[in-house]
Every structure is written in C-alpha cells, then in structure tokens.
Amino acid sequence: EQIEKGGYEHFMLKEIHEQPKAIRDTYRGRLLSDEAIIKMAGVEDNMKTFLNANRIIIIACGTSWHAGLVAEYIFEEFARIPVEVEYASEFRYRNPVINENDVVIAISQSGETADTLAAIKLAKSRGAFVFGVCNVVGSSIARETHAGAYTHAGPEIGVASTKAFTTQITVLTLIALRLARAKGTMSSSDFRLYLRELELIPQKVEQLLNVDDHVKDIARQYLLSPNCLYLGRGYNFPVALEGALKLKEISYIHAEGYPAAEMKHGPIALIDDRMPVIVIATSKGHYEKVVSNIQEIKSRKGKIIAVVTQGDTAVKEIADHVIEIPESEEAFSPLLTTIPLQLLSYHIAVMRNCNVDQPRNLAKSVTVE
Ligand code: G6P
C-alpha cells in the first residue's frame, strides 16, 4: 500500500496532486487546439440527438452531482441548452416527466452507484437517450448507457472524491464546447480561446498546489471549529457545496454550502466570531456582490477565508486569510477554486486524526439503494 501511495501519506493527498495529469489525460486526444476541434466519438455519433434535445437532464449522486451542477452553468452558457440537475435517488422515485426528446447525462465515478443505475433504467424505459460520464471502464453504468465518454482520472482510492470531480467537469466542458460549436451558439474565435484556456488549466493547478503550506497554516487555526460555512456564486456555487461536503466527509465537522446571495435568507443568523466562512470571490464572478457579502460577514465578526484571483486587493483588506488562484476564464474557475478547498479539508482531517481515506460510515461506491 505504501508503494501505491507513491510517497504520499494518504491516497487522498496523492489524488489531489494527480489532478494536473488527470485533467490533461482527460482532454488528451479530444481537444485539438491547433485544428480548433473537439473529437469525442460518443458525442459525434449522436450529434443529431443532442442538437434536437429539448433539454438535458443530468443525474448523479454525491460529488458527481456537484460536477453536474457546474455543468449546468457551462452547458447553458455555452450551448444554450436548458439543463436540469437531479439527484438520482429523487428522480427515480417521483414519476418524472421525461420522454424521447430528452437527453440524460448520468455522471458516476465508479459507474456502480445503485440509485444512478436505476435512474438510467427508468429514463431509458421512457425513451430518453442516456449518455454516461464514468471513470471506471466497463462499469455497470458505462454498459447500461447508450453512449458515453470516460474521464481518464485513473483509479481513485480515497473515499472523498477529488480528481474524479475535476475530470468530470473537464469532460462535461468538452461536451458543452463541442455542442456550442455545432449549434453556433459560440463564435469560432471564442471557441479557440476556450480551447487554449482549457489547455492551460493543468499547469495552473500545478502552480496552485504550491499553496499547500499556506492552507495547512489556515487549517491549524480552524481544526476545532464545530461548524463551517462555504459560500460561492455562479460557477462557484457548486464548488461551495463540494467544499462543504469534503469537509464533513473526512473531518466530521458540520459544514454547509450556500449560494452567497442566499446567506441573508438564513445562514447569516449563524455568523459570530466562532464561525469560519469560506468564500469564493473570483474576480470575474459577480465580484462586487460577493465582496459585499464578505463585508456583511465581517461586520458580524465571522472569520473569513477567501479564495480570490491573483492580484486581488479589495478582499485582502477585509478577509482574515486569502488563498490566491491563477486567473482564468470564469467558466473554468471551478477547476481551480476547488483545489485549495480539497487541501483545507484534507489538512483539517489529518490534524483531527481522522481516517482520511476511509471515513466512518462512508463507502467509495454505494451499491445499495
Ligand atoms: C459515494 C462516494 C462519493 C461519490 C458518490 C457517488 O457517496 O463516497 O465520493 O461522490 O458515492 O459516486 P459515483 O461513483 O456514482 O460518482
């Protein structure tokens, strides 16, 4: 096992550090920036179905569901196709309105999650076309779907999903970009720009992993907090949910993710000088609005850990801690903002002596309903 961990203390840390390679492996051979094309057989072969779809319904569980939420923003922005994101377990039990004009995208790292598999069968029985995004080759979901695209994350051993999440977002982004070109909802110059930007993400993640020591220092100061709030907006709202999930999964600290603007409808009541609030405030993501949320937290003495874009000045003046991420297109920022949140959960869990790779009561793949 020590050999498999490749010198890292835990699989989770190894998998966090594997993300630059995993993301690159996922778009390799599919993203051809010189020719300005995206090649994905599963999409190409079914292009008509995708283009004629009334809507896309994404079904998944856990972290994969969060990747689906990021994809919702990306598909709607790039390809202008309406998207709904569903928990597989809710979708399958509520007699959903779905037919042959719907395209379902099922996302699953393991390809074995029982609820997701059952939801796929239901969608198929109502005539929908089902496309799978799985990591494990030949898994049940990969076999049950009509077509699909694998993430090439490599084996993920840590129960808390890390590289599976960022590679799912990568594949879904490629699909959205391909459909955007086919539909003509994105200009060829923007398309080229996004392809080049996406190719820069692995090196930006690499650079970002250097924040590890800084994040560790922050972790040390909050490891005894009983609660934690995560806020984000737009593309980074799902990242706030994922950050909170990571923390509760492995450190057993109660954490909630919220859209930043919804704070005033509830969570603000919880803020006092013992409440750490992690806020994602990227420069292109409704920045002024998020800054005013940060001010509201500050005036209630909440402790602010802000994830900002390099060069930020306004948030730095107010926040207790800032973690800088390299600049990117806002649509791709979840691939960056999520990294320090993974590291923060990891370090807090290690300092609390928790079993990081195999947290209590959780399974890597949930094959029961
Ligand atoms: C379990 C795992 C999570 C995962 C979820 C969905 O809860 O612990 O890490 O996100 O299942 O799994 P899947 O394999 O379908 O992505």
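Predicted model: local features only at pLDDT ≥ 70, side-chain atom pairs only at ≥ 80, totals over all residues.

Reader: How many of the residues are buried?

Author: Buried residues make up 53% of the 369. To be counted there, a residue needs 20 or more other C-beta atoms within 10 Å of its own.

Reader: Why is A269 called exposed?

Author: The cut-off for exposed is 12 or fewer C-beta neighbours. A269 has 10 of them inside 10 Å, so it counts as exposed. You will find A269 in the loop between β9 (254-259) and β10 (276-281). Its C-alpha atom is separated by 9.4 Å from that of R300, which is 31 residues away along the chain.

Reader: What share of the contacts join residues at least 24 apart?

Author: Among contacts between residues at least 6 apart in sequence, the share is 75%.

Reader: How many helices and strands are there?

Author: The protein has 15 helices and 12 strands. Some of those strands form the sheets we look at next.

Reader: What makes β9 and β12 edge strands?

Author: Begin with the order of the sheet: β9-β8-β10-β11-β12, an open sheet of 5 strands with parallel pairing. β9 and β12 (321-325) each have a single partner strand, so one side of each is left without a neighbour in the sheet. On average, neighbouring strands here are turned by 15 degrees against each other, direction ignored.

Reader: How do you know that β11 and β12 pair?

Author: At least two bridges are needed for strands to pair. β11 (residues 303-309) and β12 have 5 bridges, in the parallel sense, so with the cut-off at two they count as paired.

Reader: Which helix lies across β8, β10 and β11?

Author: That is α13 (residues 287-299), which runs at about 165 degrees to β10.

Reader: What is the strand order in the other open sheet of 5 strands, and why do β4 and β7 stand at its edges?

Author: The order is β4-β3-β5-β6-β7, with parallel pairing. From one strand to the next, the twist averages 20 degrees. β3 (residues 55-60) pairs with β4 in the parallel sense over 5 bridges, and I59 stands opposite E86 in β4. Helix α7 (residues 114-125) packs on this sheet, touching β3, β5 (102-108) and β6 (129-134). Helix α9 (residues 163-183) packs on the sheet too, where it touches β5, β6 and β7.

Reader: Which residues come nearest to the ligand?

Author: Of the 15 residues around it, G62, T63, S108, S110 and T113 come nearest. The shell divides into 4 nonpolar, 10 polar and 1 charged residue. Helix α5 (residues 62-79) gives the most to the shell, with 3 residues.

How values were computed: Residues numbered from 1 in each chain as written. Near = placed C-beta within 6 Å. Helix = DSSP H or I, 4+ residues; strand = E, 2+ residues; numbered from the N terminus. Nonpolar A, V, L, I, M, F, W, Y, C, P; charged D, E, K, R; others polar. Contact = placed C-beta atoms within 7 Å. Axes fitted to C-alpha atoms, helices over the stretch in contact; angles between N-to-C directions.
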